[in-house]
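Here's a quick tour of the aromatic residues and one of the helices. Have a look at the model first, then read on.

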Amino acid sequence: MNRRPVHHAVYDTLADWETGHTTAWLARAGYEIRTVGPSPAKDPVISTGGLRIQPDDALADVRPEDSSLLILPGADLWDTGDDLAPYARKAREFLDAGVPVAAICGATAGLAREGLLDGRRHTGAAPFYLAATGYAGGEGYLDTDAVTDGGLITAGPTEPVALAREVFGLLGVYEGEVLDAWYRLFHDSDAEAYAVLEKAGQG
């Protein structure tokens, strides 16, 4: 099946553990994962874990019509200035074009500052964390692991597996019993779930 790539934002201090489940299993499902850096020159970035990442694309060159999904991981930079604001603006561009966006941890605060959580159900690290952005969407906050509202997925910093679950469901990578089994295996270490995946050819 010919699928448009998934675009994964990369920037200094990105929390590299937050999106690994998502990208690994999307790649296994046949999606090309393209990393998107902030620099037009596609300069390397360094993750919180010390990984040096050479971006495939520059943010300014990424178009929603060429993508299946934009993934925004957390990073210290989301909370220390406006360096990552262009990624939030790109998320607006994607959502306006009907292309999904998945944000976790600090990236949810970036979307809040951009006004993208106003009027949408969402989650994040904590209500007070998002409230500190001054956003107007507090009534839509849900105290849960991850939330999908239309084309926007949000998750708290401790929920990389739930983020992946929501992405897989939204893109139709896994559904129903298989999606539930995948989540139970990787979130709950439920060994019985492996049998369901193996039967479905996903083990």
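## Aromatic pairs

This is a predicted model, and it holds eight aromatic pairs. Take Tyr 11 and Trp 78: their ring centres are 5.9 Å apart and their planes sit at 85°, so this pair is edge-to-face. Tyr 11 is in the loop between β1 and α1, while Trp 78 is in the loop between β6 and α2, so the pair ties together parts 67 residues apart in sequence. Tyr 11 counts as buried, at 1% relative accessibility, and so does Trp 78, at 3%.

Tyr 11 also pairs edge-to-face with Tyr 87, at 4.8 Å centre to centre and 75° between the planes. Here the loop between β1 and α1 is linked to helix α2, with the two residues 76 apart.

## Helix α2

Helix α2 covers residues 85-96, and its end C-alpha atoms are 17 Å apart, which agrees with the 16 Å its 12 residues should span at 1.5 Å a residue. Its buried residues are Tyr 87, Ala 88, Lys 90, Ala 91, Phe 94 and Leu 95. An α-helix has 3.6 residues a turn, so residues three or four places apart point the same way.

What do the buried residues of α2 pack against? Their partners include β1, β2, β6 and α3. After the helix comes Gly 98, with a positive phi near 80°.

## Cluster and charges

Trp 25, Phe 168, Tyr 174, Trp 182 and Phe 186 make up one aromatic cluster. The charged end of Arg 28 sits over the Trp 25 ring, 4.4 Å from its centre. Likewise, Arg 165 lies over the face of Tyr 183, 4.5 Å from the ring centre.

Terms used. Residues numbered from 1 in each chain as written. Predicted model: local features only at pLDDT ≥ 70, side-chain atom pairs only at ≥ 80, totals over all residues. Heavy atoms only, no water. Helix = DSSP H or I, 4+ residues; strand = E, 2+ residues; numbered from the N terminus. Expected span 1.5 Å × (residues − 1). Buried < 20%, exposed > 50% of the residue type's maximum accessible area, 1.4 Å probe, protein only. Contact = heavy atoms within 4.5 Å. Phe/Tyr/Trp six-rings, centres within 6.5 Å; stacked < 30°, edge-to-face > 60°. Lys NZ or Arg CZ within 6 Å of the ring centre and 35° of its normal.
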